Amino acid sequence: MSREWKWIILVMLSVLVLAGCGKTLDDRAVAGIRAAQTAFQSNDKNVTEEIEDVKLYKPAGFSLSENSDAQNIIFTKQDETYILFNNPNEKKDSKLFYELLLADQEKEIVEQATFEEEGVFGFAAVIATGNDRVELIASVGGAKMTTMTKQKNIEEDLTRMMEIVRSIKRDS
């Protein structure tokens with residue numbers, strides 16, 4: 001009888017552990033938006049790269065594409081591509097990219113939030129694309145970074161993306 005109880009307890013513990021690991025898309029999206037907000041508010045990353053007149057922070061593990069220019073900066077990390085659109089005509093308080101996101105009726109926004117601090121506007125969004133993948137957007141003023149990633153990467157990716165867009169400085 002004791003072997004049966006051990007077996008039952010082992011199965012129950014396994015089910016509990018597996019259930020705890022299975023976060024829903026909504027849970028992951030909320031955690032990712034919270035992480036992006038923290039990165040936006042901390043604004044503590046120093047410039048480590050310069051492309052033409054744009055200075056920005058490049059996280060460890062990220063590479064810059066040689067095809068990048070001041071308006072379109074392409075990052076890669078392992079098998080993921082991150083595209084940073086930089087519009088030098090938009091100020092730090094610009095809401096252009098946010099308004100464009102909301103106007104796009106095709107996008108299925110899972111979660112999004114806006115952030116403002118000292119005249120700087122930013123937002124982050126998680127967009128469902130089907131299967132296990134999502135589109136992530138992190139934006140500050142005239143800079144917007146996007147990527148397509150697996151749901152399990154939402155929190156980490158949104159943090160790094162917000163750190164990058166929040167760090168951008170222009171010489172002009």
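**Aromatic rings.** I took rings of Phe, Tyr and Trp (its six-membered ring) as a pair if their centres lie within 6.5 Å, with planes under 30 degrees apart counted as stacked, over 60 as edge-to-face and the rest as tilted. By this rule I have five aromatic pairs. I looked up one of them in detail: Phe40 and Phe115 form a tilted pair, 5.5 Å centre to centre and with 35 degrees between the planes. This pair links distant parts of the chain, since Phe40 lies in helix H2 (residues 25-42) and Phe115 in strand E6 (residues 108-117), 75 residues apart.

**Basis of the entries.** I note that this is a predicted model, in which local features need pLDDT of at least 70 and side-chain atom pairs count only at pLDDT 80 or more, while totals for chains, interfaces and linings use all residues. Residues are numbered from 1 along each chain as its sequence is written, and side-chain values use heavy atoms, with hydrogens and water left out.

Are Phe40 and Phe115 buried or exposed? I used relative accessible area (1.4 Å probe, protein chains only), with under 20% as buried, over 50% as exposed and partly exposed in between. Phe40 counts as buried at 0% relative accessibility, and Phe115 is buried too, with a relative accessible area of 4%. I also found the charged end of Arg166 over the ring of Phe40, 4.3 Å from its centre; the rule here asks for NZ of Lys or CZ of Arg within 6 Å of the ring centre and within 35 degrees of the ring normal.

**Elements of the chain.** I counted four helices and ten strands in the chain, where helices (H or I, at least four residues) and strands (E, at least two) are DSSP runs numbered from the N terminus. From the N terminus on, I read the order of the elements as α-α-β-β-β-β-β-α-β-β-β-β-α-β. Of the 172 residues in the chain, 39% are buried.

I treated two strands as paired if DSSP finds at least two bridges between them. E6 and E7 run antiparallel and are joined by nine bridges, and in E7 the bridge partner of Ile109 is Ile127. E7 and E8 also run antiparallel, with eight bridges between them, and here Ala128 has Val134 in E8 as its bridge partner. Why do I call E7 largely enclosed by the rest of the structure? Eight of the eleven residues of E7 are buried, so I describe the strand in that way.

**Positive phi.** Most residues other than glycine have a negative phi. In the hairpin of E6 and E7, which has two residues between the strands, Glu118 takes a positive phi near 50 degrees. The hairpin of E7 and E8 likewise has two residues between the strands, and there Asn131 takes a positive phi near 55 degrees; Asn131 is exposed, with a relative accessible area of 81%. Gln78, which is not a glycine either, has a positive phi of about 55 degrees and lies in the loop between strand E4 (72-77) and strand E5 (80-86). At 74% relative accessibility, Gln78 counts as exposed. I also noted that the C-alpha atoms of Gln78 and Phe62, 16 residues apart along the chain, are separated by 8.0 Å.

**Largest pocket.** Gln78 turned up again in the lining of the largest pocket, among whose residues are also Lys77, Asp79, Tyr82 and Arg133. A pocket, on a 1 Å grid over the protein atoms alone, is an open set of points where a 1.4 Å probe fits, with protein on both sides within 12 Å along at least five of seven lines, and lining residues have an atom within 4 Å of a point. About 210 Å³ of space lies in the largest pocket, a volume being the space filled by probe spheres set on the grid points. E5, strand E9 (143-150) and helix H4 (154-167) are the elements that give two or more residues to its lining. I divided the lining residues into one nonpolar, three polar and eight charged, with Ala, Val, Leu, Ile, Met, Phe, Trp, Tyr, Cys and Pro as nonpolar, Asp, Glu, Lys and Arg as charged, and the others, Gly among them, as polar.
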